Each structure stands twice: as structure tokens, then as C-alpha cells.
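Have a look at the model first.

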Amino acid sequence: MRSPQTAFHMFVINLMIDKQRGIRPPAHLRVVREMTVTLGMRQRPEPDIMVVASSALTSLRTTSFKPEDVHLVVEVVSPESLERDRTTKPIEYSDAGIRHLWRVEQEDDRPVVYTFELEPAVKAYVPTGIHRGRLKTDVGFEVDIDLDLGEFIGS
């Protein structure tokens with residue numbers, strides 16, 4: 001059962017997966033949404049967005065990915081998922097060895113993106129930035145996203 005999705009949640013996901021403005025990985029990676037990552041027998045969280053190895057998309061019946069095939073997870077926080085997205089999921093993802101995590105929150109009706117990278121010696125995420133207005137970072141490929149949602153919300 002999923003938490004109710006806010007309009008903010010939907011528009012941020014639309015922005016992040018937009019082929020012109022969003023995450024544009026190199027050919028060996030793909031952006032996917034509404035799919036799970038299998039962390040254990042009864043542990044299949046569904047990040048809002050993932051960047052995965054193209055080679056992991058073996059079939060159109062694929063529903064989940066192994067952690068080693070996941071390059072980046074993106075969680076867009078909703079009021080109902082705040083605790084899970086800030087605390088529980090980052091621990092699960094870091095324990096699984098997923099290298100990059102972005103958490104997107106709403107601040108004054110605008111997205112703010114918190115970026116993290118796995119520090120392998122301690123298997124924990126360290127912050128790499130807080131991004132307002134523009135998300136400019138490197139996750140093994142350059143990312144430069146204008147975070148203005150105006151085009152999506154009609155303003």
C-alpha cells in the first residue's frame with residue numbers, strides 16, 4: 001500500500017525523469033521509476049526513481065533490481081513518508097551498498113535536494129550537498145537540473 005501522492009511529489013518526479021531537463025545518464029545506465037530494489041527476502045523498497053545499469057533490464061517483465069545494479073536512488077518525501085525517507089530507507093540503501101542517494105523535500109513550495117554518497121569504509125552516507133534552485137553535482141556523470149517546477153505546474 002502506498003502513501004497518498006501529493007502534486008509536489010508528482011511534479012518533482014516528472015522533472016527528474018524528463019528527458020530534456022532531468023537526469024540524463026550515459027548509455028550504460030537507465031532512469032526507472034515505480035520499480036523495486038531487492039534488499040532481502042521480504043525487503044523490496046520502491047524508490048521514487050532509480051538510475052540502474054542498462055544490463056539489469058533483461059526483460060520487459062523486470063520488476064526489481066539487485067542493489068549492485070543500482071547507481072542512484074531518489075526519494076521524494078511526502079508528509080506520510082518523512083520518517084522512512086529520512087531515516088529507515090537511507091540505512092537500508094547504504095547497508096546494501098548503493099552508492100548515491102538523493103532526498104527531495106518541499107520547502108516553501110520549492111524542491112530542495114539533499115545529496116549523499118556512500119562512504120565505503122563505514123557503509124554510511126555522507127552529505128555532498130543541499131541544492132535549491134539548481135541541482136548541479138556529479139554522480140559518476142554530470143547532473144545539472146533547474147529545479148524550477150513552473151513549467152510543470154503552469155506558472
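This is a predicted model: local features need pLDDT of at least 70, side-chain atom pairs count only at pLDDT 80 or more; totals for chains, interfaces and linings use all residues.

Residues are numbered from 1 along each chain as its sequence is written, and side-chain values use heavy atoms, with hydrogens and water left out.

Strands here are DSSP runs of E with at least two residues, and helices are runs of H or I with at least four, numbered from the N terminus. Strands β9 (residues 134–138) and β10 run antiparallel, paired over 5 bridges; pairing takes at least two DSSP bridges. Thr137 sits opposite Val143 of β10. On β10 (residues 142–146), Val143 and Ile145 make up the covered face, while Glu142, Asp144 and Asp146 are on the uncovered one.

Now the charges. A salt bridge means a Lys or Arg side-chain nitrogen within 4 Å of an Asp or Glu carboxyl oxygen, and the count is 9. Among them:

| Pair | N to O distance |
|---|---|
| Arg33 and Glu34 | 3.1 Å |
| Glu117 and Arg99 | 3.1 Å |
| Arg103 and Glu105 | 2.7 Å |

Arg103 is buried at 12% relative accessibility, and Glu105 is buried at 9%; the cut-off for buried is under 20% relative accessible area, with exposed over 50% and partly exposed in between (1.4 Å probe, protein chains only). Arg33 is partly exposed at 26%, as is Glu34 at 45%. Glu75, Asp85 and Lys89 are joined in a salt-bridge network.
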